[in-house]
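Here's a quick briefing to read with the model open in your viewer.

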2 protein chains.
Amino acid sequence: MADTPLIALDAMGGDNAPAEIVAGGVRAARELGLRLALVGRPEEVVAELAKHGAKPDTVTVVPASEVIAMDEQPAQAARHKKDSSLVVGMRMVKQGEAGAFVSAGNTGAIMAAAIMYLGRIKGIERPTLAALMPLSGKLTVFLDVGANADCKPNYLLQFGEMASAYMQRVWKVERPKVALLNIGEEEAKGSTLAQESYALLEKSGLNFIGNVEGRDVPTDIADVIVTDGFTGNIVVKTMEGVADFVMNQLRTAIKSRPWYAAAGLALMPAFNQVRKKLDYREYGAGPLLGVNGLVFIGHGRSDARAIFSALRVAREAAQSGMLEALREIAPARTR
Amino acid sequence: MADTPLIALDAMGGDNAPAEIVAGGVRAARELGLRLALVGRPEEVVAELAKHGAKPDTVTVVPASEVIAMDEQPAQAARHKKDSSLVVGMRMVKQGEAGAFVSAGNTGAIMAAAIMYLGRIKGIERPTLAALMPLSGKLTVFLDVGANADCKPNYLLQFGEMASAYMQRVWKVERPKVALLNIGEEEAKGSTLAQESYALLEKSGLNFIGNVEGRDVPTDIADVIVTDGFTGNIVVKTMEGVADFVMNQLRTAIKSRPWYAAAGLALMPAFNQVRKKLDYREYGAGPLLGVNGLVFIGHGRSDARAIFSALRVAREAAQSGMLEALREIAPARTR
């Protein structure tokens, strides 16, 4: 048992907390034998736990009296709410009690708390938030999705190095293909940032495959796609928007004629197959890379299934030596 | 007849040139009474024309012996191929022979030729390429989609002003709602560029509605959405990629079981409805704003329908005083 690391889970974070969070945690404990610390208001967490029958032996409740709301000012909340589930969970990682922390709470507050309590890995200029793209059937990790709105070429290089280490350790991709998101395929294309980042990535030891364009994002062209946090955030949100739009339009079209409805019903399993591919919940949570500890940030809308997936990935990360690999990334200044 | 302006069409530009281009032109001449100059290699253009029966009276052929290929180096091609359809068409606008020029050719070469032969409108810092987003059922003009990879706040302000004038004149939107693409809704969010652009847009005379996020792009939240050419290009290409992905996945899912096929067939009209909404071809071509003449750039994949739509919009622009409205935009330096 001592072999498998304890994972701390923010029971109070996310739109569906605590019910869905606790449900996902219980499932992970039962099905994966995961050692889990549910961090949150004890009475609420215990009440949710009771809904799922006997508490699994591997689940403990760690009390935290405060909650950081989804719309709270991130840095302030992280600084002042020292007994919040989010900060308590982060401190468990800091103190080595937990091998990783998973939260679907206020993204800004999680990032702020991670930097405040865990600190940056030495030599890493900017921690970065990555998203897992499930669309192509094979995973692509896409970053930065919003942690750093203004970037320098060196940040993008380090994003590539960290994501590459993550894909190697956690997803067992031997030599991850790293691409740069740009507005053309040729080397000389794009913004100054993109061109300078290209030059750094090309002479890095990474398996750099060059530029990819927006239309390549939902494909399996690369294992890692690197961009600045402004572009990256807009890309993932645009993808969500377009996918929702198409599915809604289909629903409306099918409802528009009575004789479509039967056909629509017959196709439901096929539609669900497609929905599932578009579904971030299959993959749970994105890693916050570059802080001195393992932190996974789930979508605010995470349900039990997303939390289950996130916990599985978090444990894999904790067992795989991923953090040690990130610590070996050379500091930017030596380049 | 003298009332309706002559529109020059690049018969040799685009993946489907000259067949689809000429077909779209003939249709516009017949159905809209459009006065059209087909610019290109006369023998090829005449051969295509012959496929459509008697040449409409309002169609003339303007000879140009050279063709700029889709993958040619833009600036060089525009400079050296002086008898290309693209450059000849541009000169017709310059000399006042044509009220507008439409091309589905090499985007970079069209932009380079426009700047070279027409020049910038006085006071406009950077010409910009806009895309028409048909998704929400109501048009949104989205820009810059790739003309300017590196932008300054003043450029974004002028993009907003030009697109606003375009929506007013051509699409008769009285007080176009202008939004800034950003990674959060609050004023203080985003990159330095986004924050400084916000400040300029807010104190402009525009109907500025604030920040919108990626997920708002395929909605009717705004009439104009402004961003830099790097982000904008990646957004439109991501949208294309995701829409293609979803439709392909649906097709595959429907084919996966024999009993889905019949239901899929019954739903074809509903699917086609959705496809049509995702289809840039419904709206033809995006305006190149800020050059001293009206230029519309179609998608390389434009077919006859796209060209037809582009010609209709180009004539509307030429008749609406749009260019004059753009010329009234105050130079940036006076702000």
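**A strand pair to start from**

Leu36(A) has Val59(A) in β3(A) as its bridge partner. Keep in mind that you're looking at a predicted model. From that pair of residues, here's how the rest builds up.

**Around β2 and β3 of chain A**

- Strand β2 (residues 35-40) of chain A and strand β3 (residues 59-63) of chain A run parallel, and five bridges join them.
- To get from β2(A) to β3(A), the chain goes through helix α2 (residues 42-50) of chain A.
- That makes a β-α-β crossover, and its hand is right-handed.

- Where the two meet, 15 residues of domain 1 of chain A are in contact with twelve residues of domain 2 of chain A.
- On the domain 1 side of that contact, α11 (304-319) and α12 (322-327) of chain A each put in at least two residues.
- By class, this side of domain 1 of chain A has ten nonpolar residues, four polar and one charged.

**Where chain A meets chain B**

- Here 44 residues of chain A are in contact with 44 residues of chain B.
- On the chain A side, α8 (229-255), α9 (258-266) and α10 (268-277) each supply at least two residues.
- Which helix gives the largest share of the side of chain A that touches chain B? That's α8(A), with 19 residues.
- Sorted by class, the chain A side has 24 nonpolar, 13 polar and seven charged residues.

**A look at Ala317 in chain B**

- You'll find Ala317(B) in helix α11 (residues 304-319) of chain B.
- Is Ala317(B) buried or exposed? Ala317(B) counts as buried because it has 23 C-beta neighbours inside 10 Å, and the cut-off for buried is 20 or more.
- Leaving out residues up to four places away in sequence, Ala317(B) touches Ala100(B), Val170(B), Pro287(B), Leu294(B) and Met322(B).
- One of those contacts, Leu294(B), is 23 residues from Ala317(B) along the chain, yet their C-alpha atoms are separated by 7.6 Å.

Conventions
Residues numbered from 1 in each chain as written. Chains lettered and ligands numbered in written order. Predicted model: local features only at pLDDT ≥ 70, side-chain atom pairs only at ≥ 80, totals over all residues. Contact = placed C-beta atoms within 7 Å. Helix = DSSP H or I, 4+ residues; strand = E, 2+ residues; numbered from the N terminus. Nonpolar A, V, L, I, M, F, W, Y, C, P; charged D, E, K, R; others polar. Pairing = 2+ DSSP bridges. Right-handed = clockwise from strand over helix to strand, strands pointing away. Buried ≥ 20, exposed ≤ 12 C-beta atoms within 10 Å, placed from the backbone.
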